[in-house]
Amino acid sequence: MKKSFVIAIAAVSGGGKTTVVGALKKRLNNSAVIYFDDYGDAVDLPPGRDINEWAADGGDHNEWNTEPITTDIERLLHEPYEYIILDYPFGYMNDCVGKYIDLSVFIDTPLDVALARRIIRDFTSRSMESEFGLDDVGEVNLESLDEYLRWYLEHSRPTYVWSVEISKPAVDLVVDGTKPPDEIVEKILEAL
């Protein structure tokens, strides 16, 4: 059996990973997708380890428990898929998952665009239950948006800046996150 080709798509939150992965899956016949967000707390830092503190400490990506993802990759590698597409923020930087990746792509999205997308996604386009810990906000209002933006400026923005700085040099392909998803997919297909 021919080995599946594993493609990892990375970006900051709001950078377009999920949208591009969905568009790429439509173009690649016989492909399976693994979404990082589907794992919730099963893929996380050790208990008590805050992501912003982790990044400020230099962010060793091997601290993340990615065993559930590697288990699913290994399972899919035994299926007759031609491609396995990972919606996965770390690319090669986590050794457990990185060893399976054949092509790592980083969607380089300006932080202001990614922030705007997250606000649209989390405050206007879906329930308040989100990966940003806003699940305790009872309703969407200016006060909750104010809290979110203040947290971003005081705590999260440095993590996003750091993430972009270390991710871009560690991938095979960097694409412009302001381009339409179909254009990004074309760049990825050219790299294949």
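This briefing walks through the sheet, the helices packed on it, the aromatic pairs and a few single residues. The model is predicted. An open sheet of five strands, paired in the parallel sense, runs in the order 2-3-1-4-5.

- Strand 2 (31-35) and strand 5 (173-176) are the edge strands. Each has a single partner strand, so one side of each has no neighbour in the sheet.
- From one strand to the next, the twist averages 20°.
- Strand 1 (residues 5-10) pairs with strand 4 (residues 103-108) over four bridges, in the parallel sense. Ala 10 has Phe 106 of strand 4 as its bridge partner.
- Strand 1 also pairs with strand 3 in the parallel sense, here over five bridges. Ile 7 has Ile 85 of strand 3 as its bridge partner.
- Strand 1 is mostly covered, with five of its six residues buried.
- In a regular strand, side chains alternate between the two faces of the sheet.

- Ile 184, Val 185 and Ile 188 are buried in helix 7.
- Seen down the axis of helix 7, the buried residues fall within an arc of 100°, so they line one face of the helix.
- The cover over the buried residues of helix 7 includes strand 1, helix 1, strand 4 and strand 5.
- Asp 182 and Glu 190 are exposed, on the face of helix 7 turned away from its buried side.

**Aromatic pairs**

- Two numbers describe a pair of aromatic rings: the distance of the centres and the angle of the planes.
- Phe 5 is partly exposed, at 29% relative accessible area. Tyr 83 has 15%, which makes it buried.
- Phe 36 and Tyr 88 have ring centres 6.1 Å apart and planes at 65°, so this pair is edge-to-face. The cut-off for that label is an angle over 60 degrees.
- Phe 36 lies in the loop between strand 2 and helix 2 (51-56). Tyr 88 lies in the loop between strand 3 and helix 4 (95-98). The pair therefore ties together parts that are 52 residues apart in sequence.
- Phe 36 and Tyr 88 are both buried.
- Ring pairs also link Phe 36 and Tyr 88 into a cluster with Trp 54, Trp 64, Phe 90 and Trp 162.

**Ser 167**

- Ser 167 is found in helix 6 (residues 142-167).
- With a relative accessible area of 2%, Ser 167 is buried.
- A polar atom of the Ser 167 side chain lies 2.7 Å from the backbone oxygen of Ser 163.
- Leaving aside residues up to four places away in sequence, Ser 167 touches Met 93 and Phe 106. Phe 106 is also the strand 4 bridge partner of Ala 10.

**Glu 79**

- Glu 79 is found in the loop between helix 3 (67-77) and strand 3.
- Its relative accessibility is 35%, so Glu 79 counts as partly exposed.
- From C-alpha to C-alpha, Glu 79 and Thr 18 are 23 Å apart in space. In sequence, Glu 79 and Thr 18 are 61 residues apart.

Conventions. Residues are numbered from 1 along each chain as its sequence is written. This is a predicted model: local features need pLDDT of at least 70, side-chain atom pairs count only at pLDDT 80 or more; totals for chains, interfaces and linings use all residues. Side-chain values use heavy atoms; hydrogens and water are left out. Helices (H or I, at least four residues) and strands (E, at least two) are DSSP runs, numbered from the N terminus. Buried means under 20% relative accessible area, exposed over 50%, partly exposed in between (1.4 Å probe, protein chains only). A polar contact is a pair of N or O atoms within 3.5 Å; within protein, one must be able to donate a hydrogen and the other to accept it, and residues adjacent in sequence count only if both atoms are side-chain atoms. Contact means heavy atoms within 4.5 Å. Two strands pair if DSSP finds at least two bridges between them. Axes are lines fitted to C-alpha atoms, for helices over the stretch in contact, and angles run from 0 to 180 degrees between N-to-C directions. Rings of Phe, Tyr and Trp (its six-membered ring) pair if their centres lie within 6.5 Å; planes under 30 degrees apart count as stacked, over 60 as edge-to-face and the rest as tilted. The arc is that of the directions from the helix axis to the C-beta atoms.
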